[in-house]
Amino acid sequence: MLQEHAKIVQFITLAGEVAGRKKLQKMVYIAKKMNFPFQEKYQFHIYGPYSEELTLRVEELCNMAFLSEKMEDKGSYVQYTYACTEEGRQFLSTMTSHHKNLDHCIERLNIKSSRFLEMVSTLLYFDHLPRDEQIEKLHVVKGKLNFSEKEIEEAFSFIEELQTVITC
Amino acid sequence: MKWGVHVNYATQKLAEEKVFKDPVHRYIHVRDQVIWDLIGAREFQRLRRIKQLGTTYLVFHGAEHSRFNHSLGVYEVVRRIIDDIFKGRPEWDESERLVVLCAALLHDLGHGPFSHAFEHVFDLDHEKFTQAILLGDTEVNEILKRVSPEFPQHVSDVIAKTYTNKLAVSLISSQIDADRMDYLQRDAYYTGVSYGHFDMERILRVMRPREDQVVIKQSGMHAVEDYIMSRYQMYWQVYFHPVSRSAEVVLTKALHRAKELSLSGYKFSYEPRHFKTFFNQTFSLADYIALDEGIVMTYFQEWVHEEDEILSDLCDRFINRRLFQYIEFDPAKDYRKLAELEQLFKKAGINPAYYLVFDSSSDLPYDFYRPGEEGERVPIHLLMPNNELSELSRSSDIVEAISGKRRTDHKLYFPEDLLTQDTKKKAVKKQILQLLLGEA
């Protein structure tokens, strides 16, 4: 009954820790696009795919003390880092939730920057469009981030790499 | 002119203005031929058969209004903003008028019957269906294409919030948009509650266009405070009402049961012809458009007589409003209790997958950016006398008090009557009641 909660605890356990709310949002979105069964609904908010349900789930899990949220003052901004707690591990042990290759997917996502994942998730949001239109959309909705051609190329290669990893 | 060679249709006016009588805005005014044609399209007329508030009518009996009413209302609010307030202002691009009006009218086009429950069971997304109806082989698409070949995509982009003109998007999707302004007043009117009312006339008068969003003149701050508080109260008094959530739980579980039975090869005495392609995920856009709440209710009426006891019981509960009871439930403290309850339900011969349901509601009344966070909600900005912008909660103590504060409510739903009235397995049921209600 709390399976969806368990999936997020497992996700963060596999990641070790995730630094940044935006990064977590994009990681789960990309994993979902790779067909891992996360139920959180995403919508395109003004600046990219975002799930209010995921925000809520993470807040709940912090309130339940299954996840810890560490706030770090980085000078010009504040960063929230998430990790699984001992209570979270106990909770997870009462649930069954295993998905083949999710660990490999998370590992690859977690070493990338939040900016890069923002670009990848936005390209994936428009993956029903031809590549040139995907790129055009990226520039429309993320104009202020000025992604270079090289970065966009890297993003497409990364998506292909992920797709290969999950089918291994 | 932006819409190219089909300029005549884009600017064509009706010989006489048409009006729809409306209890919230008094009249909905239509002058554009395109808007009139869209209202007549079969996909838009379908919205008459989908209630705006889903199962809420089982609590507030007046809440029988449809998504058709609301869609016309959002259109009217946007029309008034752009024709009466924005017109002639340099920040407003008049060539965006038609695309925004169409987006306002069509923004809910993809909602299905009992939207939330249906989407949950069949893993659907009404926003994707809105896009599909706008861009697919439909009467709505046919009408939009007559404006220009790209026009359906532009309308779709405004609704999907991926349109180039963010001001246009913010009229329909922001923390103070035409969608919310209509549904709060409309839902308050039809439910009969006294919350949800605010001075929309005043808000419209103090709205000003800016490059990326609508802003509010500082003098209108108190009207906006009232709007935010109205929204807060409507969420907790109407939208998250625990009994209406119970009805939604029963509805969702009935659909789940029908799906499971169908996938396991169960022979229905009343074949779920309209749902078959949803059960096996092979549905087409036409299948989706063919559905409405009348069809769902017809199946439920018929399924009351099914041999499968769970489906029959759940449908009967929904039709005859024999809903589940609920208790407050703290998942952090009680998740082990939940596992115990699941086991006891099984022992008592009651399937916990259908009869023991954890449900949460949550709302964030207003939010602003914090440094380092992704700005998912564009804050409401006040236009100060010196022409600078100031985020609302900096000026308003009331808004500051609720900014960024999420309120969440967890409940556990169960059929109390099955535990108290049915005399089989009495001892286990007593144990369950003790755990749920603390009854000896």
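Is Val121(B) buried or exposed? At 3% relative accessibility, Val121(B) counts as buried, where buried means under 20% relative accessible area, exposed over 50% and partly exposed in between (1.4 Å probe, protein chains only).

1. Basis of the note. This is a predicted model, in which local features need pLDDT of at least 70 and side-chain atom pairs count only at pLDDT 80 or more, while totals for chains, interfaces and linings use all residues. Residues are numbered from 1 along each chain as its sequence is written, chains are lettered from A and ligands numbered from 1 in the order in which they are written, and side-chain values use heavy atoms, with hydrogens and water left out.

2. Overall form of chain B. Chain B contains 24 helices and nine strands; helices (H or I, at least four residues) and strands (E, at least two) are DSSP runs numbered from the N terminus. The C-alpha trace of chain B spans about 75 × 50 × 40 Å along its principal axes.

3. Packing and surface of chain B. Of the 440 residues in chain B, 61% are buried. Among contacts with a separation of 6 or more, 71% join residues 24 or more positions apart, a contact being heavy atoms within 4.5 Å. The accessible surface of chain B is about 18400 Å², and carbon and sulfur atoms hold 47% of this area; the areas come from the Shrake-Rupley method with a 1.4 Å probe, and for residues only the protein chains shown count as cover.

4. Surroundings of Val121(B). Val121(B) belongs to helix α6 (residues 115-122) of chain B. Not counting residues up to four places away in sequence, Val121(B) touches Thr252(B), Leu255(B), His256(B) and Lys259(B). Phe300(B) lies 179 residues from Val121(B) in sequence, with 15 Å between their C-alpha atoms.

5. Surroundings of Gln25(A). In chain A, Gln25(A) sits in helix α2 (residues 21-33) and is buried, at 4% relative accessibility. Leaving aside neighbours within four places in sequence, Gln25(A) is in contact with Tyr42(A), Tyr50(A), Ser51(A), Leu54(A) and Thr55(A). Gln25(A) and Phe116(A) are 91 residues apart in sequence, and their C-alpha atoms are 13 Å apart.

6. Backbone points for review. Most residues other than glycine have a negative phi. Asn146(A), however, has a positive phi near 45°; this residue lies in the loop between α7 (131-141) and α8 (149-167) of chain A and is exposed, with a relative accessible area of 60%. Gln281(B) likewise has a positive phi, of about 60°, and is placed in the loop between α15 (276-279) and α16 (285-289) of chain B. Gln281(B) is partly exposed, at 45% relative accessibility.

7. A further loop residue. Ala290(B) is in the loop between α16 and α17 (293-303) of chain B and is partly exposed, with a relative accessible area of 39%. The C-alpha atoms of Ala290(B) and His116(B) are separated by 18 Å, the two residues being 174 apart along the chain.

8. Cysteines. Zero disulfides (pairs of cysteine sulfur atoms within 2.5 Å) are found over all chains. For Cys62(A), the nearest cysteine sulfur is that of Cys84(A), 11 Å away. Cys315(B) is buried, with a relative accessible area of 0%.
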